[in-house]
Amino acid sequence: MAILATLPGPKHFSTLPTTAPPSNHPTPSHPPKPPIPIPKYPPPLRFQNRPPKPDSSPAFKTHHRNSKYYKPVKPGQKIPLPDADNRAVVVGDSGISYQLPGAPFEFMYSYSETPKAQPIAMREPAFLPFAPPSMPRPWTGKAPMKKNKRNIKLFQPLGADENNDKLSMKRYEMLKDYELGKFSMRPRDEVLGAPLSRWEVKEMIRPHLSSNKQVNLGRDGLTHNMLELIHSHWRRQPVCKVRCLGVPTVDMDNICRRLEEKSGGKIIHRVGGVLYLFCGRNYDFRKRPQLPLMLWKPAAPVYPKLIQDAPEGLTKKEADELRTRGKTLLPICKLGKNGVYITLVRDVRTAFEGSVLVKLDCRGMHASDYKKLGAKLKELVPCVLLSFDDEQILLWRGREWKSMYEDETPSINRSSGRGLSITNISEAKSVGPSPKMTSLWQRAIGSGKASVLDEIYLSPDELLQKVEEFERKTQAIEHSYPAMIYSNTEDKAYEDNDDYEDDDKFYSNDSFEDVDSPVPLGSLPVDFIARKLTDGQDQFRKM
C-alpha cells in the first residue's frame with residue numbers, strides 16, 4: 001500500500017482516519033443478557049402416586065467384599081436370628097454353619113474345605129443363605145410373574161380313585177410350596193443294604209468309565225448344593241461319577257469321608273481324582289432328604305494369618321534367615337492350575353528327608369488356591385509356613401520333625417577286625433528292622449558296597465571327601481581280576497581259583513576249531529578274489 005501511494009496519478013484508495021470522529025449523542029452500553037435457564041419439570045404422576053416400598057428381607061442386602069463390616073465372634077458362639085424359631089448361625093471349630101429346625105446336620109457352604117483354625121470375625125451380618133420363610137413359593141431363580149398373567153395349575157392328589165367317573169367327586173389341589181425345615185432321613189445302613197460283590201461293582205462302573213455325565217468338584221470342595229446334584233444323578237443311575245480337581249485333591253481321604261457322610265452313599269471305586277459313588281440297594285428318590293438350596297455363596301469369615309513374622313519355634317531373625325535361604329532354593333515341583341495333587345504330601349515329606357526347607361512353584365495359580373494349599377500342607381505334613389512370595393510356597397520342617405525311615409534304619413555295631421554285626425535300632429523301641437532289610441545291609445557291607453561312617457556330624461566338604469575315598473575303593477574292587485603268575489621256567493603256574501576255572505568251562509565249547517564246516521576250503525568267492533590278487537602281485541614283482 002505504501003508503494004501505491006507514491007505512484008503518480010490519481011489515488012484509487014483513500015487513507016483511513018486514525019481515530020473515529022467524536023459523536024454528539026453517545027449511546028449507553030448495556031451488559032449481555034444471561035442464558036436461558038434449564039426448566040425444571042415436575043416428576044410424572046405415575047411416580048408421584050406410587051406407594052412406598054416395604055422393607056425387604058435383610059438377606060437380600062448382602063455385603064460385598066469391599067464392605068467394611070467387621071464383627072468379632074467367639075468360638076462356639078450361637079447367633080439367633082430375629083423372628084425365627086430355632087434358626088441360628090453357629091460359629092464353631094469348622095467355620096460358620098447354619099442351624100435349621102429338624103435338619104439332620106448343620107448346613108455349611110463347603111463340608112470339606114474348612115480350615116482347622118477358628119474364625120475370629122464375620123464379614124457380613126448373620127442371616128441364612130436360604131429362601132426366607134415368608135416367600136410365597138419355592139425359589140426358582142426367577143422373579144414371580146404378575147398376578148394377572150399367572151396361571152394356577154391344579155393337580156389331582158396321589159392315591160385318588162381313578163375309576164370314579166363323576167367329575168364333581170374329583171378333588172384337585174394346588175401345588176404346595178416347599179416347606180423349609182422338614183426332613184425325613186432313613187438310616188444309612190438300611191439304604192445301602194448288603195455289600196456289593198466284585199462282579200457287581202465292575203458291571204456298575206463299566207458304563208461310567210467313558211461317560212462325561214459327572215459331578216465336578218473344584219476349589220470349593222463338597223458344597224451344600226452339590227448334595228442335591230448327586231441325588232439328581234441317582235434318580236436315573238445307581239452310580240454317580242465325581243471328578244475332583246484342584247486343591248481338595250491334596251486330601252482325598254477327607255473328600256471320600258465327607259461324601260459318604262453327607263450324601264449317605266458308598267464309594268465303590270476310586271482312581272486318582274475320580275470317585276464312583278453308589279446310592280444303595282434300597283435307595284428311593286422320593287424318600288431322599290430334601291435339603292434346601294443355598295441362593296448365594298456366603299462371605300467367608302476372617303481367620304488368623306497363615307504367615308507370621310516369627311513362626312512356631314523361631315525368632316524373627318531366624319525366620320528372616322530361612323526366607324533369605326529360600327530365595328535361592330530350587331522348587332521340588334511345578335504345580336499347575338486345576339491339577340490333581342494326590343502325591344504332594346508324600347513328595348514334601350520325602351523332600352524334608354534331605355533338606356530343611358522345601359519350595360513349591362505355584363506360578364499361574366490363583367492366589368487363594370496356593371494359600372489354601374499351604375494351609376492344608378501345614379496340617380497334613382506337618383510343617384511351618386514361611387512365605388508365599390513370588391507365587392511360591394516356602395515350607396520349613398520344624399524343630400519337632402521326625403524322619404519317615406527312622407523305624408527302618410538298623411543300627412550297626414562295629415567290632416574289632418572285620419566282623420560287623422547288625423542289630424535292632426534301639427532297645428527302647430519294640431519295632432525292629434525287617435529281615436529283608438537286615439540281609440541287604442549285611443550283603444552290602446560284606447561286599448564292600450557300603451561303609452560305616454565313624455562320625456555323623458560332618459561338614460559338606462568332609463562328607464564329599466569321604467564319598468570320593470569310598471568311590472575309589474569300590475572302583476578298585478570292581479575292576480580287579482584274579483592274579484596270574486609266570487615263572488622263569490618253561491612251566492607256567494596259575495593261581496588256583498575256582499571262579500577262573502569255571503569261566504574257562506563256559507568258553508571251551510565256543511571254539512571255532514572244533515566245528516566241522518560242510519564247505520571245502522578255498523571254494524568260497526572270497527577265496528577266489530584273494531587268489532587273483534595274490535597272483536597279480538606276484539606277476540608285478542617279477543616285472
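My entries below cover a strand, a helix and the cysteines.

**Ground rules.** I am working with a predicted model, where local features need pLDDT of at least 70, side-chain atom pairs count only at pLDDT 80 or more, and totals for chains, interfaces and linings use all residues. Residues are numbered from 1 along each chain as its sequence is written, and side-chain values use heavy atoms, leaving out hydrogens and water.

**Strand 12.** I took helices (H or I, at least four residues) and strands (E, at least two) as DSSP runs, numbered from the N terminus. Buried means under 20% relative accessible area, exposed over 50%, and partly exposed in between (1.4 Å probe, protein chains only). In strand 12 (residues 357–361), 5 of the 5 residues are buried, so the rest of the structure largely encloses it. Leu357, Lys359 and Asp361 point one way, Val358 and Leu360 the other.

I then looked up its pairing (at least two DSSP bridges between two strands). Strand 12 runs antiparallel to strand 14 (residues 392–396), joined to it by 5 bridges. The bridge partner of leucine 357 is tryptophan 396.

**Helix 4.** Which residues of helix 4 (residues 198–205) are buried? I found Glu200, Val201 and Ile205.

**Cysteines.** I searched the whole structure for disulfides (cysteine sulfur pairs within 2.5 Å) and found 0. The sulfur of cysteine 240 is 9.8 Å from its closest cysteine sulfur, in cysteine 279, too far for a bond.
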